[in-house]
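Reader: I would like to go through some labels assigned to a model and see what each one rests on. Please show the structure before we start.

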Amino acid sequence: MSDNWPPDPNQPSQSKPPVQPNHAQNLPPNAPYAGKEWQLLEKTLMASLVEQRRARRWGIFFKLITLGYVLLFGAVVAKGCSGSAKSGMSDIDMSKPHLAVVDVKGVISSDNEANSQAVGEALTEAFNNDQAQAVALRINSPGGSPVQSDEIWQTMTDLRKAHPNKKLYAVIEDMGASGAYYIASAADEIWVNPSSLVGSIGVIMPSYNVQGLMDKFGVKDGTMTAGAHKDILSMSRPLSEFERQHVQGVLDNTHAHFINAVKQGRGNRLKNPDANQLFSGLFWSGEQAINLGLADKKGGISTLESQLKLDNVVEYNPEDPVKKVFGKFASQIGYGFGETVSKGFASQLTQAAANDKGMQ
């Protein structure tokens, strides 16, 4: 054994201080990064790794913010597009006595919100609800398709027969003209504002002839037809007398249906229809319409609500068919997209956390 063992406690310690690791010792003497240069390089690399870690964390933060905005936007779109025909209603509103209101707004057409299917479904739902004490058709429309108008008129007539104890009101706001008045005539009563525009009981088919303009600019019509009158409404030639009479006959027949519907709905309330030219296509103010028997009373939804002594109005609004389809599609897409995005971000966060841990 060594002469220095056991150690003498009276002698100062002979132990040497710990040697700090020096990566440069593992390098050959002629290495380009020996000594201080290697330490500088090591510090630079470590600083770069720290910066990468910081950038990754900020990236995760901004991804979470983006995810939040995307999910919020998807929820708003799905909610706005997938509203049911009972938009604005609540179970509490429907479970107690109320005035059911169905809107007919804008041009009456199969591809607009005011179409026969949507309005008919809303009216049927309102009539079938025992808590709906009365139904009001709130109208603000210049008219539109005679076919769609007639189908709504027929639905109203059938519902009134099926529910004789439930009155149906037509409340005209700014305008109830042409096809819109066609619809209103099927109601038990028509209410108007004194300044509403009412009437225009007629049929129109626009037609233009630009043959002279085409000749001036040297434009020739090369339309080909199979059938002598297939281009009867062509803008590049005038109507023949036979064609004019034929088109007029179609319009007169459609007009007759309109007149019969109004007479059936209004009955003896119409005052001198022939003398007052009620079916000539003219329109009148709401106040004039009452004097002519085209309407019954002045007032709106709030006035009707007060008269019926109801303090609850429930809107059975018709639904835009495009919104209906898109709403269901958006809901499904939104759900699937939310699931995919959530799983994708969760996977990224897990991977990022693992990478971050490995870098430390």
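Reader: Why is R266 called buried?

Author: This is a predicted model, and the value is computed from it. R266 has a relative accessible area of 2%; buried means under 20%, so R266 qualifies.

Reader: What makes the pair R266 and D296 a salt bridge?

Author: The closest N and O atoms are 2.9 Å apart. The cut-off is 4 Å, so the pair counts. R266 sits in helix α7, and D296 in the loop between α8 and β7, 30 residues apart.

Reader: Is D296 buried or partly exposed, and how do you know that?

Author: D296 has 23% relative accessibility.

Reader: Why are R138 and D103 said to tie together parts of the chain?

Author: Their side chains meet in a salt bridge at 2.6 Å, N to O. R138 belongs to strand β2 and D103 to strand β1, so the bridge joins parts 35 residues apart in sequence. R138, at 13% relative accessibility, is buried, and D103 is buried at 6%. The two are also linked with K105 and E315 in a network of salt bridges.

Reader: How do you know what span to expect of helix α4?

Author: The expected span is 1.5 Å times one less than the number of residues. Helix α4 has 17 residues, for which 24 Å is expected, and its first and last C-alpha atoms are 24 Å apart.

Reader: What caps the N-terminal end of α4?

Author: S145 does, with a side-chain oxygen 3.2 Å from the backbone nitrogen of V147. The limit for a polar contact is 3.5 Å, so this distance falls within the limit.

Definitions and conventions. Residues numbered from 1 in each chain as written. Predicted model: local features only at pLDDT ≥ 70, side-chain atom pairs only at ≥ 80, totals over all residues. Heavy atoms only, no water. Helix = DSSP H or I, 4+ residues; strand = E, 2+ residues; numbered from the N terminus. Polar contact = N/O pair within 3.5 Å; in protein donor to acceptor, adjacent residues only side chain to side chain. Buried < 20%, exposed > 50% of the residue type's maximum accessible area, 1.4 Å probe, protein only.
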